[in-house]
Amino acid sequence: MVTIENDILRVAVNPKGAELDSLFHKTNRLDYLWSGDPVWAKKSPVLFPIVGTLKDNSFFFNGRSYQLGRHGFARDRVFAVSEQSDTSVAFSLAADEVTYEQFPFDFRFSVNYSLKQNMLAVTYIIENYGEGEMFFSVGGHPAFKLPLIRGAAYGDYYLEFDSVENAGRWPISPDGLLETLPVPLMNNTRRLPLSKDLFYDDALVFKHLSSSRVLLKNDSTIHGLELDFTGFPYLGIWAAKDADFVCIEPWCGIADSVDSTRQLAEKEGIQVLGMGQSFERTWGVKIF
């Protein structure tokens with residue numbers, strides 16, 4: 001485990017998957033991250049080179065079929081620590097013979113964590129070292145503990161977006177694919193109340209929200225968080241059935257639809273990176 005800290009926060013990251021393992025506020029004496037118990041063993045997996053599920057867990061590129069499981073392989077690979085200071089650490093993963101079998105691109109993927117006061121910034125950098133265009137997706141999947149404090153209930157919490165939203169959720173099929181039409185959910189409101197049954201039909205998937213920030217709040221306590229997902233066109237909200245956490249997931253990419261052609265270059269939300277180019281996105285979370 002790799003640890004960074006400042007006067008307010010202490011953060012631990014696991015080199016396996018470059019996965020956030022702890023997000024601890026020294027003054028509040030609270031760890032805001034899910035514990036990762038057997039209900040859902042992950043805590044904050046990194047999603048790369050796809051987000052969500054592919055139709056038939058496969059895609060076509062240049063006439064060849066490739067098999068790639070849900071959310072890609074990065075979360076199961078051990079990253080190297082490339083840079084580290086007291087308040088920041090950078091992890092990197094390079095293409096190798098194993099990744100070429102699943103994803104035919106020559107890449108370097110970096111995940112950087114840095115602290116500033118009560119904020120953790122998480123930056124994804126993808127570099128294309130190949131001779132042609134690279135097609136990929138990337139995203140975060142942080143799970144925050146609920147309730148955050150003793151005496152509170154899961155249903156005391158809600159999400160508050162920074163803009164009024166008129167947004168439907170995109171239903172997920174039993175195969176993990178997106179249906180073709182959204183279902184109404186948020187109607188001229190900034191607030192989404194949380195309840196465990198909200199996730200009984202899988203994640204809430206949003207496309208192109210007006211907001212770029214969302215707060216996790218409870219009116220009976222000052223403790224909560226704000227997540228900034230500027231530059232991420234998709235957002236997932238999820239929890240395992242009856243589990244004591246909520247995931248707020250910024251995505252540059254999305255699961256295949258039920259009518260997907262399985263052609264990687266035609267995939268909704270796919271990112272395209274030219275030869276020798278790099279891609280960078282940052283999400284941040286303030287805890288209080």
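## Close-up views of a predicted model

**View 1. Ser173, a buried loop residue.** Ser173 counts as buried, because its relative accessibility is 9%, and the model showing it is predicted. This serine is found in the loop between strand S15 and strand S16 (183–193). Leaving aside residues up to four places away in sequence, Ser173 touches Glu179 and Val258.

**View 2. The largest nonpolar core.** This core has 96 residues. Those with the most contacts inside it are Phe48, Phe109, Tyr113, Tyr124, Ile126, Leu194 and Phe245. Strand S21 gives the most to this core, with six residues.

**View 3. Leu194 and its contacts.** Leu194 is one of the residues with the most contacts inside the largest nonpolar core. What does Leu194 touch, not counting residues up to four places away in sequence? The contacts include Leu146, Tyr154, Gly155, Tyr157, Tyr158 and Leu159. Phe199, Leu216 and Val246 are also among them.

**View 4. The cis peptide bond at Pro49.** Phe48 and Pro49 are joined by a cis peptide bond, with omega about 5°. Most peptide bonds are trans. Pro49 sits in the loop between strand S5 (46–47) and strand S6 (58–61). Its partner in the bond, Phe48, is also listed among the residues with the most contacts inside the largest nonpolar core.

**View 5. The cis peptide bond at Pro147.** A cis bond links Leu146 to Pro147. Here omega is about -5°. Pro147 lies in the loop between strand S14 (143–145) and strand S15 (157–169).

**View 6. Gln117, with a positive phi.** Most residues other than glycine have a negative phi. Gln117 is not a glycine, yet its phi is positive, near 55°. The residue lies in the loop between strand S10 (107–116) and strand S11 (119–128). Is Gln117 buried or exposed? Gln117 counts as exposed, at 57% relative accessibility.

**View 7. Asp242, with a positive phi.** Asp242 has a phi of about 60°, a positive value, although it is not a glycine. This aspartate lies in the loop between strand S20 (234–238) and strand S21 (245–252). Asp242 is partly exposed, with a relative accessible area of 41%.

**View 8. The salt bridge between Asp96 and Arg77.** The count for the model comes to 15 salt bridges. One of them joins the side chains of Asp96 and Arg77, at 2.6 Å from N to O. Asp96 lies in the loop between strand S9 (88–94) and helix H1 (97–102), and Arg77 in the loop between strand S7 (64–67) and strand S8 (80–84), so the pair ties together parts 19 residues apart in sequence. Asp96 is partly exposed, with a relative accessible area of 23%.

View 9. The side chains of Glu160 and Lys217 meet in a salt bridge, 3.4 Å from N to O. Glu160 is in strand S15 and Lys217 in strand S18 (residues 213–218), so this pair links distant parts of the chain, 57 residues apart. Glu160 is buried, at 15% relative accessible area. Lys217 counts as partly exposed, at 25%. Arg213 and Asp162 also meet through their side chains, at 3.6 Å from N to O. Arg213 is in S18 and Asp162 in S15, 51 residues apart. Arg213 is partly exposed, at 30%, and Asp162 is partly exposed, at 25%. Salt bridges that share partners join Glu160, Arg190 and Lys217 into one network.

Conventions
Residues numbered from 1 in each chain as written. Predicted model: local features only at pLDDT ≥ 70, side-chain atom pairs only at ≥ 80, totals over all residues. Heavy atoms only, no water. Helix = DSSP H or I, 4+ residues; strand = E, 2+ residues; numbered from the N terminus. Buried < 20%, exposed > 50% of the residue type's maximum accessible area, 1.4 Å probe, protein only. Contact = heavy atoms within 4.5 Å. Core = buried A, V, L, I, M, F, W, Y, C linked by side-chain atoms within 4.5 Å. Salt bridge = Lys/Arg side-chain N within 4 Å of Asp/Glu carboxyl O.
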